[in-house]
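I opened the file to look up a few local features. My notes follow in the order I took them.

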Amino acid sequence: MDISVKLLTMLLAILLFVAVVGVMLFIASRTERRSGSLVGYVFLFPSIVMLSIGLLYPAGRTIYQSFFDAAGKAFIGFGNYGQIFTSSDELLVLRNTVIWVVITPFVATAIGLLYAILVDGAKGEALAKSLIFLPMAISMVAASIIWKFVYEFRPDQPGIKQIGLLNQVLVWLGGSPQQWLLNAPWNTFFLIVVMVWIQAGFAMTILSAAIKAIPDDIIEAARLDGVSAFGMFRFVTLPSIRPSVIVVLTTIAIGTLKVFDIVRTMTGGNFGTNVVANEFYSQSFRADNQGLGSALAVLLFILVIPIVVYNIRQLRATEAR
Amino acid sequence: MSTSTPHLDLATEDKAVRDKMSVAGRAAANAKKRVTSPMASVIAVVLAVLWTIPTFGLLVTSFRPEKSIKTTGWWTFFSDPQVTLDNYKGALNASGTAGMGTAFVNSLVITVPAVVIPICLAALAAYAFAWIDFKGKNFLFILVFALQIVPLQVTLLPLLSLYVKAGLAGTFWTIWLSHSTFALPLAIFILHNFMKEIPKELVEAARMDGAGHVKIFFRVMLPLLTPALAAFGIFQFLWVWNDLLVALTFAGSSDVQPMTVALANMSGTRGTAWQLLSAGAFISIIVPVTVFIAMQRYFVRGLLAGGLKG
């Protein structure tokens, strides 16, 4: 396919959907004359169709497939789930995922929060915040490449210089270069750094808005009471922004559960760094194990549900303020 | 000499108005009134610069000759600058895996419809949920809302089978349809929230003039909805442009693969070819970074409006 064909196909797709919307609206204006409420269904129709075929059916099918074997033919009940919780490979995957999900949200949120407080009202605030937020605009693959380069290793031999920033700093401080991405279990933490680097900007943006929304009279009252900077943080700021903090924590947690790009690009899941989302991909599309892959996806789904429910509750609390 | 917050004398009506504002509204209102110490400003800027160093390092590397990259650190660039565009040429025309040039076009072709389609469909659905009364409305709304929870991993395998059966495998349609479907629950939710905020009086007035739902949708809703559509549009644009999983699953072949896939492949097969990887990475981020910088305001607004994509 050459470029012009691709661009034409793209235009075709857009026109097609605009046409679909047009047809829907036409049908809607006709139905309106007959029955007011039927119109609602016409407006909803395309979305419901897409959601049913594209989300509901596949989700149900995956749950179903998770009870079958690798080829999807023989029913094996909870066999796949059993494998996830007993095989040593899978247990490692679970352990790593837990480490990711516990550490990333708290570290990213802490950095975002502290920076939001620090930069609040500072000169060049807008530029500084843009720079911190910038990693969110680039793909996780690009971010992984950026940091893979930072972690690059060159052996400690005469005449060989370091090209990775981290090892160079270590050498300048008198240490010897390390293969950061190869040594388990610390390599997982070096991968987590990338996710934190990306997500801290998000935390900062949300929390900065929350901090700026704290009513000034509360802050004035606290100042008049002679509260210290730390006291202000602990007794005024933090309680006021609590719902936003929880929304940030849970959103980052959900994103972290699904993190796949970083692990795949930097280590391919090797050297003991594998996580559930990456293992899902490996099992489903490389090992062709539909059963286990589906079970891993369902596990991801189950893990996400309580966090999302909590997230939504907190979102409502922020809206209500 | 302390620089504390200037004392504000909030009149009662002022306070009442402020209490009614959303978080984002109050943040905007308060934004100009806080002042902090110069020391904090300096630290903040320094930290921001440090934060950007890894990105900067790769950018510098993308312009250095291959030999320099492999033997010296990029920080030596400032004492011995050697610039070349060979890396970019090499990345754009890379053979084997699709060059970044083809991948760039693919990214564009994939992303634009994947933004336009869900916006169109979600606008219709959101309007129905916000302003039309029909049976089962609440149930359907909760269902659509709850679908945001479904992680897309859970849908991939069956969708792939469906596409293969429908003969769509390996075309752009698989990605367009997938991304559009995944975006719908959140899009409907966000647009619905924006639509609800449109004053009832405007809708009533239009209805007095005899306008049906379709007319109201076009004449009243759409014009007022432009900021929301922009916010969601940018959000979706960045999300699709930077996506790896959906692209890898449905567009694995080199003819239709976007830049994220091309880059991931490059990293896998030419893992130490930093001259290509650096240039490739920067080719892939130039569009999202530009979009982000130009539209930052809308993007942030989208985030604060509940566009929290997990």
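I looked for a nonpolar surface patch in chain B and found B:Met39, B:Val42, B:Ile43, B:Val46, B:Leu47 and B:Leu50, with about 530 Å² of accessible area together. Patch residues have over 30% relative accessible area and no salt bridge, and nonpolar side chains are joined within 5 Å. A salt bridge is a Lys or Arg side-chain nitrogen within 4 Å of an Asp or Glu carboxyl oxygen. Areas are Shrake-Rupley values with a 1.4 Å probe.

I placed B:Leu50 in helix H3 (residues 38-62) of chain B. Helices are DSSP runs (H or I) of at least four residues. B:Leu50 counts as partly exposed because its relative accessibility is 49%; buried is under 20%, exposed over 50%.

The model is predicted, and local features need pLDDT of at least 70, side-chain atom pairs 80 or more. Residues are numbered from 1 along each chain, chains are lettered from A, and side-chain values use heavy atoms.

Next I checked a helix pair in chain A. The axes of H4 (residues 88-119) and H13 (residues 276-286) come within 8 Å and cross at roughly 145°. Axes are fitted to C-alpha atoms, with angles from 0 to 180 degrees between N-to-C directions. A:Glu90, A:Val93, A:Leu94 and A:Thr97 meet A:Val276, A:Glu279 and A:Gln283 (heavy atoms within 4.5 Å).

Then I checked the backbone. The A:Ala184 to A:Pro185 peptide bond is cis, omega near -5°. A:Phe271 has a positive phi near 60° and is partly exposed at 42%. A:Asp288 also has a positive phi, about 55°, and is exposed at 57%.

Technical notes
Patches are made of residues with over 30% relative accessible area and no salt bridge: like charges are joined within 9 Å, nonpolar side chains (Val, Leu, Ile, Met, Phe, Trp, Tyr) within 5 Å. Helices (H or I, at least four residues) and strands (E, at least two) are DSSP runs, numbered from the N terminus. Buried means under 20% relative accessible area, exposed over 50%, partly exposed in between (1.4 Å probe, protein chains only).
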